[in-house]
Amino acid sequence: MKLKIAICDDSAEELQKIHDHTKEYAQEHTLDVHITSYSHPDALLLAIDQNAFDLYILDIIMPMISGIEVGKHLRKQNPESQIIYVTSSSEYAVNAFAIGAAHYLIKPFSKASFAEAMDRAIKNIKRNERIEFSIR
């Protein structure tokens, strides 16, 4: 089974960077993943009503609804899913961890810090035994 990852960032450039980092991480760790990117939180919220993801990588400062509010909605839908916040501001860290974020990264982030965040989230997913995803 594939590990399902959703990425949401309103900046096309940042969205692509995060997608590339995620894909590279999966290849380096031989994870079978399906990555879906969203440029608006509303699109992500519509998608999760029909299909939950295992890992969410979210920006916080987005139009209409913040990544924190998206995270609260995700928690109601699937309390076991993992959330990594990737944002340009440190001021939301307390709120992010209050809803159980696996990690909080400040943009721009290094490849090493992204890998650390992914390691933590993947470890939590494996611990929760929510899914059995294949390692190639």
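The following legends describe close-up views of a predicted model.

**View 1. Strand 3 (residues 55-58) is covered on both of its faces.** Leu-55 and Ile-57 lie on one side of strand 3 and Tyr-56 and Leu-58 on the other, and all of these residues are buried. Strand 3 runs parallel to strand 1 (residues 3-8), to which it is joined by four bridges, and in this pairing Ile-5 stands opposite Leu-55. Strand 3 also pairs in the parallel sense with strand 4 (residues 82-87), again over four bridges, where Leu-58 stands opposite Tyr-85.

**View 2. Strand 1 and strand 2 (33-38) belong to a right-handed β-α-β unit that also includes helix 1 (12-28).** The two strands pair in the parallel sense, and six bridges are found between strand 1 and strand 2. Within this pairing, Lys-4 stands opposite His-34 in strand 2. The loop between helix 1 and strand 2 contains Thr-30, a residue with a positive phi of about 45° although it is not a glycine. Thr-30 has a relative accessible area of 32% and is therefore partly exposed.

**View 3. Helix 3 (residues 67-77) forms a right-handed β-α-β unit together with strand 3 and strand 4.** The buried residues of helix 3 are Gly-67, Ile-68, Val-70, Gly-71, Leu-74 and Arg-75. They lie on the same side of helix 3, because the arc that they cover around the axis is only 155°. The elements that cover these buried residues include helix 2 (41-50) and helix 4 (93-98), as well as strand 3 and strand 4. In the loop between strand 3 and helix 3 lies Met-64, which has a positive phi of about 70° although it is not a glycine. With 73% relative accessibility, Met-64 counts as exposed.

**View 4. Tyr-104 takes part in aromatic pairs with Tyr-85 and with Phe-97.** The structure holds five aromatic pairs. In one of them, the ring centres of Tyr-85 and Tyr-104 are 6.5 Å apart and the planes stand at 50°, so this pair is tilted. Because Tyr-85 lies in strand 4 and Tyr-104 in strand 5 (residues 103-106), the pair ties together parts that are 19 residues apart in sequence. Tyr-85 counts as buried at 0% relative accessibility, and Tyr-104 is likewise buried, with a relative accessible area of 10%. The rings of Phe-97 and Tyr-104 also form a tilted pair, with 6.3 Å from centre to centre and 40° between the planes. Phe-97 itself counts as partly exposed, at 43% relative accessibility. Elsewhere, Tyr-38, Phe-53 and Tyr-56 form one aromatic cluster.

**View 5. The largest nonpolar core has 23 residues.** In soluble globular proteins, nonpolar side chains tend to be buried together. In this core, the residues that touch the most other members are Ile-5, Leu-55, Ile-57, Ile-84, Phe-114 and Met-118. At least two residues of the core are supplied by each of strand 1, helix 1, strand 2, strand 3, strand 4 and helix 5 (111-128), and helix 5 gives the most, with six residues. When neighbours within four places in sequence are left aside, Phe-114 is in contact with Ile-18, His-21, Thr-22, Tyr-25, Ile-57, Leu-105 and Phe-109.

**View 6. A cis peptide bond leads from Lys-107 to Pro-108.** The omega angle of this bond is near -10°, and Pro-108 lies in the loop between strand 5 and helix 5. Helix 5 also holds Lys-123, which counts as exposed at 53% relative accessibility. Lys-123 and Ser-90 are 33 residues apart along the chain, and a distance of 24 Å separates their C-alpha atoms.

Terms used: Residues numbered from 1 in each chain as written. Predicted model: local features only at pLDDT ≥ 70, side-chain atom pairs only at ≥ 80, totals over all residues. Heavy atoms only, no water. Buried < 20%, exposed > 50% of the residue type's maximum accessible area, 1.4 Å probe, protein only. Pairing = 2+ DSSP bridges. Right-handed = clockwise from strand over helix to strand, strands pointing away. Arc of directions from axis to C-beta. Contact = heavy atoms within 4.5 Å. Phe/Tyr/Trp six-rings, centres within 6.5 Å; stacked < 30°, edge-to-face > 60°. Core = buried A, V, L, I, M, F, W, Y, C linked by side-chain atoms within 4.5 Å.
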